[in-house]
Amino acid sequence: MAQFQFRKFELLPLVIKNLLIINGLVWLAQITFGQRLQLENLFALHDVRSELFKPHQLITHMFMHATHNANNNIDFSHIFFNMLALWMFGSALENVWGPKRFLIFYIASGLGAAALHLIVLWFQNSEMINVANSGILSQQLRNFEGGAQEFIRSQLNTPTVGASGAVFGCLAAFAYLFPNTNIYIYFLFPVKAKWFVLVYAIIELYSGISATAGDNVAHFAHLGGAIVGFLLVYYWNKSNRRNFY
């Protein structure tokens, strides 16, 4: 008979605590030194065809977040909601799995998010490059300094930051392990985790497919993290059921 290993419940387990600290310190560094040291150019994720792309960005982008809103005012909403969700769902997972397995899961989900995002970005930017090179946008690009080539370069150099992909992996795993646990939307309306994640995934898929100009949310990165997170927890549960409840 399989024996369950019950772990001591911690409100702020080790890996979650350190992830919160690291993300917070990086965000402060972005605010303080970001422009001077060009931190986004170095550590945010870029299209693989960009001159700024480096392999380490697959990891480092997970620890960076947007720092300013459209009006160029400091805005901590991106990091706040990501870290809140990480604590809410990741803490439960780390308490069940322990720190080592949770950290592997978190990084793998983030890498899955980055991979799908880069694949989608390749096709999206390829279409944009073809249109710009065809001259169709020549009239619109007349006032763009440097013309079509500079426009293409600026698009390829657009950075992607955030822990959202890894967090979506946590959300998917939480829904798989605790499907009937209520998640309170706006802290008022209870929805079972399984339905919350399913509806959220459908919304992300629709938003990603129908994305319009000005939509700076990496919807497919969210989906990539959720897919890898689900596949990992499904595989682990199938091969070693005693680690799950």
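## Charges over rings

A charge sits over a ring if NZ of Lys or CZ of Arg is within 6 Å of the ring centre and within 35 degrees of the ring normal. With that in hand, let's look at this predicted model. The charged end of arginine 101 is placed over the ring of tryptophan 236, 4.4 Å from its centre. Another arginine is found in such a position: arginine 49 lies over the face of tryptophan 122, with 4.0 Å to the ring centre.

## Aromatic pairs

How many aromatic pairs does the structure hold? There are 13. One of them joins phenylalanine 89 and phenylalanine 174: the ring centres are 5.1 Å apart and the planes stand at 65 degrees, so this pair is edge-to-face. Because phenylalanine 89 belongs to helix 4 (residues 77-97) and phenylalanine 174 to helix 7 (residues 164-177), the pair ties together parts that are 85 residues apart in sequence. Phenylalanine 89 and phenylalanine 174 are both buried.

Elsewhere, Phe76, Phe80 and Phe81 make up one aromatic cluster.

Helix 8 (residues 193-209) is 17 residues in length and reaches 24 Å from its first C-alpha to its last, close to the 24 Å expected at 1.5 Å a residue. Which residues of helix 8 are buried? They are Ala193, Phe196, Val197, Glu204, Ser207 and Gly208. These residues cover an arc of only 95 degrees around the axis, so they are on the same side of helix 8.

An α-helix has 3.6 residues a turn, so residues three or four places apart point the same way. On the face of helix 8 turned away from the buried side, you will find the exposed residues Ile202, Tyr206 and Ile209.

## A hairpin

Strand 1 (residues 182-185) and strand 2 (residues 189-192) pair in the antiparallel sense, over four bridges.

Strand 1 and strand 2 form a hairpin, with three residues between them. In the turn, tyrosine 186 has a positive phi of about 55 degrees.

Terms used. Residues numbered from 1 in each chain as written. Predicted model: local features only at pLDDT ≥ 70, side-chain atom pairs only at ≥ 80, totals over all residues. Heavy atoms only, no water. Phe/Tyr/Trp six-rings, centres within 6.5 Å; stacked < 30°, edge-to-face > 60°. Helix = DSSP H or I, 4+ residues; strand = E, 2+ residues; numbered from the N terminus. Buried < 20%, exposed > 50% of the residue type's maximum accessible area, 1.4 Å probe, protein only. Expected span 1.5 Å × (residues − 1). Arc of directions from axis to C-beta. Pairing = 2+ DSSP bridges.
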